[in-house]
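The sequence and structure are shown first.

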Amino acid sequence: MSDQPTGSATDEVSDARQEAAENVVERVESWDEGAEPATVRENLEEGMEEAGVQVEDAELDRMSEDIHDDGSTEAPEVE
């Protein structure tokens, strides 16, 4: 028997990762609005790592710039 989730279990894991990524983004938006992009990126990266979510470097860069410039960003799409 495989240890890999299948069917709805895979969907639940994916949904949990997406929700975790969204929570990280919301937290960083509220704490780091207006902070330097490097600080925002570091906090996004740390939060995603703690949440067990992998996000591409380019996506972290985009989100940190958005939060710095606009105070908000779209959460990344995660699997």
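## Helix packing and buried residues

The axes of H1 and H2 come within 9 Å and cross at roughly 150°. That makes H1 roughly antiparallel to H2, a label given to angles over 145 degrees. Axes here are lines fitted to C-alpha atoms, for helices over the stretch in contact, with angles from 0 to 180 degrees between N-to-C directions. Helices are DSSP runs (H or I, at least four residues), numbered from the N terminus.

This is a predicted model, in which local features need pLDDT of at least 70 and side-chain atom pairs count only at pLDDT 80 or more, while totals for chains, interfaces and linings use all residues. Residues are numbered from 1 along each chain as its sequence is written, and side-chain values use heavy atoms, with hydrogens and water left out.

The crossing of H1 and H2 is right-handed, that is, the near helix is turned clockwise from the far one by less than a right angle. On the H1 side the contact (heavy atoms within 4.5 Å) involves Ala-20, Ala-21, Val-24, Val-25, Arg-27, Val-28 and Asp-32, which meet Thr-39, Val-40, Asn-43, Leu-44, Gly-47, Met-48 and Ala-51 of H2. By class, this contact has 9 nonpolar, 3 polar and 2 charged residues. Ala, Val, Leu, Ile, Met, Phe, Trp, Tyr, Cys and Pro count as nonpolar, Asp, Glu, Lys and Arg as charged, and the others, Gly among them, as polar.

Helix H2 (residues 37–51) also packs against helix H3 (residues 57–70): their axes come within 8 Å and cross at roughly 125°. H2 is therefore oblique to H3, the class left after angles under 35, over 145 and from 65 to 115 degrees are set aside. This crossing, too, is right-handed. H2 contributes Pro-37, Val-40, Arg-41, Leu-44, Glu-45 and Met-48 to the contact, and H3 contributes Asp-57, Leu-60, Asp-61, Met-63, Ser-64, Glu-65, Ile-67 and His-68. These residues divide into 7 nonpolar, 2 polar and 5 charged.

The table gives their values.

| Residue | Relative accessible area |
|---|---|
| Val-24 | 8% |
| Thr-73 | 13% |
| Gln-18 | 14% |
| Arg-41 | 17% |

The contacts listed below leave out residues up to four places away in sequence.

Val-24 lies in helix H1 and touches Leu-44, Gly-47, Met-48 and Ala-51. Its C-alpha atom is separated by 17 Å from that of Ala-58, 34 residues apart along the chain.

Gln-18 is also found in helix H1 (residues 8–32). The residues it touches are Ala-75, Pro-76, Glu-77 and Val-78.

Arg-41 belongs to helix H2, and its contacts are Asp-57, Leu-60, Asp-61 and Ser-64. Arg-41 and His-68 are 27 residues apart in sequence, with 9.6 Å between their C-alpha atoms.

Thr-73 is placed in the segment after H3. It is in contact with Val-25, Glu-29, Arg-62, Met-63, Asp-66 and Ile-67. With Asp-66, the side chain of Thr-73 makes a side-chain polar contact at 2.9 Å; such a contact is a pair of N or O atoms within 3.5 Å, where within protein one must be able to donate a hydrogen and the other to accept it, and residues adjacent in sequence count only if both atoms are side-chain atoms.

Definitions and conventions:
Helix = DSSP H or I, 4+ residues; strand = E, 2+ residues; numbered from the N terminus. Buried < 20%, exposed > 50% of the residue type's maximum accessible area, 1.4 Å probe, protein only.
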